[in-house]
Amino acid sequence: MVDRIATPLAELTTLRLGGPANRLVEVHDEAALLAEVTGCDERGEPVLVLGGGSNVVIPDDGFDGTVVLIRIDGIRVDDDGCGGVTATVAPGEDWDAFVVRAIDEGCRGVECLSGIPGLVGAVPMQNVGAYGQEVADCIASVRTYDRSQRRQVTYAAGDCGFGYRTSRFKQEPDRHLILGVTFQFALGDRSAPIGYAELARRLDATIGSQLPSIEVRQAVLELRRGKGMVLDPADHDTWSAGSFFTNPILDPVEADRLPADAPRWPVDDGRVKTSAAWLIERAGYHRGYGDGTIRLSSKHTLALTNRGDGTAVELLALAREIRHGVAAKFGVQLDNEPVLVGGLEL
Ligand SMILES: Cc1cc2nc3c(=O)[nH]c(=O)nc-3n(C[C@H](O)[C@H](O)[C@H](O)COP(=O)(O)OP(=O)(O)OC[C@H]3O[C@@H](n4cnc5c(N)ncnc54)[C@H](O)[C@@H]3O)c2cc1C
């Protein structure tokens, strides 16, 4: 029998939600990570791998298994032989610190992903993206341990199943342990071409222009702070998992049924992406909506926040209310972006 550790997982998540785990271990090297996870798999014991805890909702009664905290660091930079560099990064490195280093060393392509919380091992999971960039654009390969085949597998970027906030790693929960991510960067102190209108306006630039990466980072951080999207212990609007819903991708017939002024962005496969924030607002859920400690952020309609002693039950109740309201008004189903742990469902 294993004793429950007193530390509530809430202390390890940005939503500050979640009860204790049966067992909580921190791993500092790959051998320890593999030993923990394979040991649990052999015993048939559930495992939750946790990085920065910024994209999970954990039940109030905790996790009935072992939680493994990834604290493995290390970055190796190599010449890529084509005038650029590759960086092979351990899963426990802090993502934003890595972005800062990439910019300092003249690597372009992740500057718009500044300020996203969490660790490097999680960025391929949902192909993190913001302000016109997706991490998939800079990933060369992802090295994994496949828990169902019990062997290491390295996926080239094209085999990772990357899409909008998804990947093969997210699609097959509990199968792939991410052991390392190799990025490939073009060099230069100017950013990749700006592809996001709000960011271009902030920089007083045009779409497609390339500016000093450090200026782009600053502009992204300012925009993000204005929306409560940079972690700040003093700002309850940041006590969230980021955007709670993804932007729905609709077939053209569904998209035609939306009001004329609904945002519509074409997707490569002929479908149309619309704005979850727009749908939520138009369905009557304004910023700050909610009557308890669980509320919509007062700065951003897409973030569900825990402003004190809320519970996961209350958070999911609010998420369901919004989801039903949007479905009733627009016939569009919203999907959650964070991972719902331990059997939680919307
Ligand atoms: C304020 C705020 C702003 C945010 N803004 C953005 C944004 O702009 N864009 C965006 O895409 N996301 C955003 N997010 C979501 C989140 O920060 C990212 O998804 C981040 O990559 C999660 O990293 P993490 O280390 O915290 O992952 P965790 O929350 O610890 O884990 C997330 C999932 O990945 C799994 N996982 C973690 N590490 C590994 C590993 N090594 N191997 C296998 N599985 C693993 C976990 O089991 C879990 O299922 C935001 C979140 C917050 C709180």
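This is a predicted model: local features need pLDDT of at least 70, side-chain atom pairs count only at pLDDT 80 or more; totals for chains, interfaces and linings use all residues.

In which helix is Q218 found?

1. Q218 is found in helix α5, where helices are DSSP runs of H or I with at least four residues and strands are runs of E with at least two, numbered from the N terminus. At 38% relative accessibility, Q218 counts as partly exposed; buried means under 20% relative accessible area, exposed over 50%, and partly exposed in between (1.4 Å probe, protein chains only).

2. Residues are numbered from 1 along each chain as its sequence is written, and side-chain values use heavy atoms, with hydrogens and water left out.

3. Helix α5 (residues 213-226) also holds R217, which is buried with a relative accessible area of 10%. Leaving aside neighbours within four places in sequence, R217 is in contact (heavy atoms within 4.5 Å) with residues including D96, V99 and E111.

4. R217 forms a salt bridge with D96, the closest N and O atoms being 2.9 Å apart; the term requires a side-chain nitrogen of Lys or Arg within 4 Å of a carboxyl oxygen of Asp or Glu.

5. The structure holds 17 salt bridges. One of them joins E36 to R23, with the closest N and O atoms 3.2 Å apart. E36 is in helix α1 (residues 30-43) and R23 in strand β1 (residues 21-27), 13 residues apart. E36 is buried, at a relative accessible area of 19%. Elsewhere, D235, D237, K299 and R307 are linked in a network of salt bridges.

6. Two residues deserve a backbone check. Most residues other than glycine have a negative phi. Y131, however, has a phi near 50°; Y131 lies in the loop between β8 (129-130) and β9 (133-134) and is buried, with a relative accessible area of 9%. R150 has a positive phi of about 55°. The place of R150 is in the loop between β10 (139-146) and β11 (151-156), and R150 is exposed, with a relative accessible area of 58%.
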